[in-house]
Amino acid sequence: MATSCWNCGAGVSARFCPACRALQPPPSDYFAIFDLPRRLVIDGKELEKRFYALSRQLHPDLFSRRGAREREYSLEATAVLNDAWRTLRNPVSRAMYVLKLEGFDIAEQGSKEVPPELLEEVFELNMALEEMKAGDDTVAPQLVEARQRFEDMRDEVDHSLGDEFAAWDTARNRDTLTAIRGLLNRRKYITNLIAQANEALANVSDRV
Amino acid sequence: MAYSDKVLDHYNNPRNVGSLDKNSPSVGTGMVGAPECGDVMKLQIKVNDQSGVIEDAKFKTFGCGSAIASSSLATEWLKGKTVDEALAIKNTDIVNELSLPPVKIHCSVLAEDAIKAAISDYRTKQTKRVPAAQTVA
């Protein structure tokens, strides 16, 4: 971020110019706006602390009597900060963001990148769930059990994600990112199944 | 976002839901998925070995209405076509027929991928049978 101040021309590498105190344009990088390195493992408490501190520091109300340019920057900075907070506080969206920054676009990948075994497994699980949903109300315990199984699967994925996050932070290996993307795909399928099990259970309890 | 009447029709009355014997050499199975929305689509074709015409097609899709409609429509189109004709089906044909909005185009891509995967599976099975066929010829 080392550039020169738009206002007085002094060298700036911070949020405010050290010479004239003018607010500088915000970075668009979510890690940069928090002054954090690009890491997958984040201390949630620390992130929250920074979020509230920065929200106060950059709040548009504080700039209401400053020039148009600073008012604009404070609005922009606040918008980036809010997006950054929403994205980085959640491990899944944080990982997707890092994948995107590192050139893996998760939303544009083709189906070919999903391992066939995973598709088979998800298909079978969906079939079983559908059968249970079509059954009478006595299937509720089965649904609860299925949901528990899916939740256990999700917890396993989250555990593996944690390991891979730490591995990427230390070694910055692209293979780790590929593994993370695979885990995120798997997680997405599993959370879908959990949502469906919940929906089915809600219907069952409606009928009872 | 509202679904078009055609999407609703396929969604409410899906054609050709079911499965074919995936171990049969005349059956090709395509299983594809879209991780970003969590969809899974299985599409199968049964090909007449003599004529190369697709005699039957079945699908089962777990996903949104557009994904279900796209695969339902695909099975309707596949029946009666030769394998080569089937390969010419483009996702844009599905988009046009179902009036899919831009955010649902990936559902049609999934259906095209499923067709291609099913055909490729069928062809793989056929080439494995070639030695036997050649001894006959």
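Student: Let's jump in: is A:R38 buried, partly exposed or exposed?
Tutor: A:R38 is partly exposed, as its relative accessible area is 28%. The cut-offs are under 20% for buried, over 50% for exposed and partly exposed in between, using a 1.4 Å probe and protein chains only.

Student: Before I go on, what should I know about the model and the numbering?
Tutor: This is a predicted model, where local features need pLDDT of at least 70 and side-chain atom pairs count only at pLDDT 80 or more, while totals for chains, interfaces and linings use all residues. Residues are numbered from 1 along each chain as its sequence is written, chains are lettered from A and ligands numbered from 1 in the order in which they are written, and side-chain values use heavy atoms, with hydrogens and water left out.

Student: OK, what is the mean pLDDT of chain A?
Tutor: It's 89 for chain A, with 93% of the residues at 70 or more. pLDDT is the predictor's confidence in each residue, from 0 to 100.

Student: What span should α5(A) have, going by its residues?
Tutor: With 19 residues at 1.5 Å a residue, α5(A) should span 27 Å, and its end C-alpha atoms are 27 Å apart, so the two agree. The expected span is 1.5 Å times one less than the number of residues.

Student: And which residues in α5(A) are buried?
Tutor: Among them are A:L118, A:L119, A:V122, A:F123 and A:L125. A:N126, A:L129 and A:M132 are buried too.

Student: Back to A:R38. What does A:R38 meet in a salt bridge?
Tutor: A:R38 pairs with A:E102, at 3.0 Å from N to O. A:E102 lies in the loop between α4 (91–101) and α5 of chain A and A:R38 in the loop between α1 and α2 of chain A, so the pair ties together parts 64 residues apart in sequence. A salt bridge here means a side-chain nitrogen of Lys or Arg within 4 Å of a carboxyl oxygen of Asp or Glu.

Student: How many salt bridges are there over all chains?
Tutor: The structure holds 19. Another one joins A:R15 and A:D35, with the closest N and O atoms 3.0 Å apart.

Student: What about chain B? Which residue does B:K6 form a salt bridge with?
Tutor: That's B:E97, with the closest N and O atoms 3.4 Å apart. B:K6 lies in helix α1 (residues 5–12) of chain B and B:E97 in helix α4 (residues 91–98) of chain B, so the pair ties together parts 91 residues apart in sequence.

Student: New topic: where does A:A195 lie?
Tutor: A:A195 lies in helix α7 (residues 174–207) of chain A. A:A195 is partly exposed, at 44% relative accessibility. Its C-alpha atom is separated by 9.9 Å from that of A:F150, 45 residues apart along the chain.

Conventions: Helices (H or I, at least four residues) and strands (E, at least two) are DSSP runs, numbered from the N terminus.
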